[in-house]
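Here is a short report on strand pairing, helix packing and ligand contacts. Keep the sequence and the model open while reading.

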Amino acid sequence: MSNANEKRLAGEAAIRYVEDGAVVGVGTGSTVAYFIEALAGMKDRIKGAVSSSEQSTAQLRKHGIEILDLNSTGPLTIYIDGADECDPHKRLIKGGGAALTREKIVAETAQKFVCIIDSSKQVDVLGTFPLPIEVIPMARSLIGREIVKRGGNPVWRDGVVTDNGNWIIDVHGWRITDPVALERDLNQLPGIVTVGLFARRPADVVLVGDREI
Ligand code: 5RP
């Protein structure tokens, strides 16, 4: 089955985790785009959505789904999002679409994080996909040097500005055997806004196509 077909199946299958009356946390990316299309079919049964990016906000609004402010909703019951890699412990690399900061905030507040992927995203060890890190622009070189000290190869995603006005560094060459420790270590560095490792708060459910693992 093609990756696009698996993404569509995963996006559609995630609907079964959305309960009537919910405020739905919505991630970002091509897999999530399928989820939003499916969510539009039940928009009258949900309260609205908390969106993780301008991109998803535009698609949700196009379908008349109300965008709610996380500061007003309180904790969410459900968050649906894709990933760039997923290990057997449901720990993820995210941020290929540069939306990692808001994604991590919404994931943190959700009781249940359902991750929707195609099978190409499943790995034994994270790190083949370059790890995205969102940085404050003036800290780009500082963080680059810190990454080199840790054996990584930092590549600035030139021309990309996040929804928060920051920059992205993609780290190549790391085989991430202890993602919780690496996430904790990098989170200490001033200038890093968000590390694209979702390990301390992994997904709760992973759908590969329409199959829950
Ligand atoms: C955006 C993300 C996406 O979830 C990730 O890049 C996967 O995208 P896609 O569903 O298009 O493969 O983390 O920041």
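## Pairing of β7 and β10

Ile 133 stands opposite Val 195, a residue of β10. The strands concerned, β7 and β10, run antiparallel and are joined by three bridges. This is a predicted model.

## The four-stranded sheet

β7 and β10 belong to an open sheet of four strands. The order is β8-β9-β7-β10, and the pairing is antiparallel. The edge positions go to β8 and to β10, residues 192–195. Each of these two has a single partner strand, so one side of each lacks a neighbour in the sheet. On average, neighbouring strands here are turned by 30 degrees against each other, direction ignored.

Strand β9 covers residues 167–172 and pairs with β7, residues 131–135. The sense is antiparallel, with five bridges. Within this pair, Val 135 has Trp 167 of β9 as its bridge partner. β9 also pairs with β8, residues 153–156, again in the antiparallel sense, over four bridges. There, Val 155 is bridged to Asp 170 of β9.

## The six-stranded sheet

A further open sheet has six strands in the order β2-β1-β3-β6-β12-β13. Its pairing is mixed. Why do β2 and β13 each have a side without a neighbour in the sheet? Both stand at the edges, β2 at residues 48–51 and β13 at residues 211–212, and each has a single partner strand, so one side of each stays without a neighbour.

Inside this sheet, β3 and β6 pair in the parallel sense over five bridges. β3 spans residues 76–81 and β6 spans residues 110–117. Asp 81 stands opposite Cys 115 of β6. Helix α1, residues 3–13, lies across β6 and β12, the latter being residues 205–208. α1 runs at about 155 degrees to β6.

## The ligand site

How many residues surround the ligand? The count is 17, and the closest are Ser 30, Thr 31, Asp 84, Lys 94 and Lys 121. By class, the shell divides into three nonpolar, eight polar and six charged residues.

Several side chains place polar atoms by ligand oxygens. For Thr 31, an N or O atom of the side chain is 2.6 Å from an oxygen atom of the ligand. For Lys 94, a polar side-chain atom lies 2.8 Å from a ligand oxygen. Asp 81, the residue opposite Cys 115, has a polar side-chain atom 3.5 Å from an oxygen atom of the ligand. Taken alone, the ligand exposes 380 Å², and the protein buries 91% of that.

Methods:
Residues are numbered from 1 along each chain as its sequence is written. This is a predicted model: local features need pLDDT of at least 70, side-chain atom pairs count only at pLDDT 80 or more; totals for chains, interfaces and linings use all residues. Side-chain values use heavy atoms; hydrogens and water are left out. A residue is near a molecule or strand if one of its heavy atoms lies within 4 Å of it. A polar contact is a pair of N or O atoms within 3.5 Å; within protein, one must be able to donate a hydrogen and the other to accept it, and residues adjacent in sequence count only if both atoms are side-chain atoms. Accessible areas come from the Shrake-Rupley method with a 1.4 Å probe; for residues, only the protein chains shown count as cover. Ala, Val, Leu, Ile, Met, Phe, Trp, Tyr, Cys and Pro count as nonpolar, Asp, Glu, Lys and Arg as charged, and the others, Gly among them, as polar. Two strands pair if DSSP finds at least two bridges between them. Contact means heavy atoms within 4.5 Å. Axes are lines fitted to C-alpha atoms, for helices over the stretch in contact, and angles run from 0 to 180 degrees between N-to-C directions.
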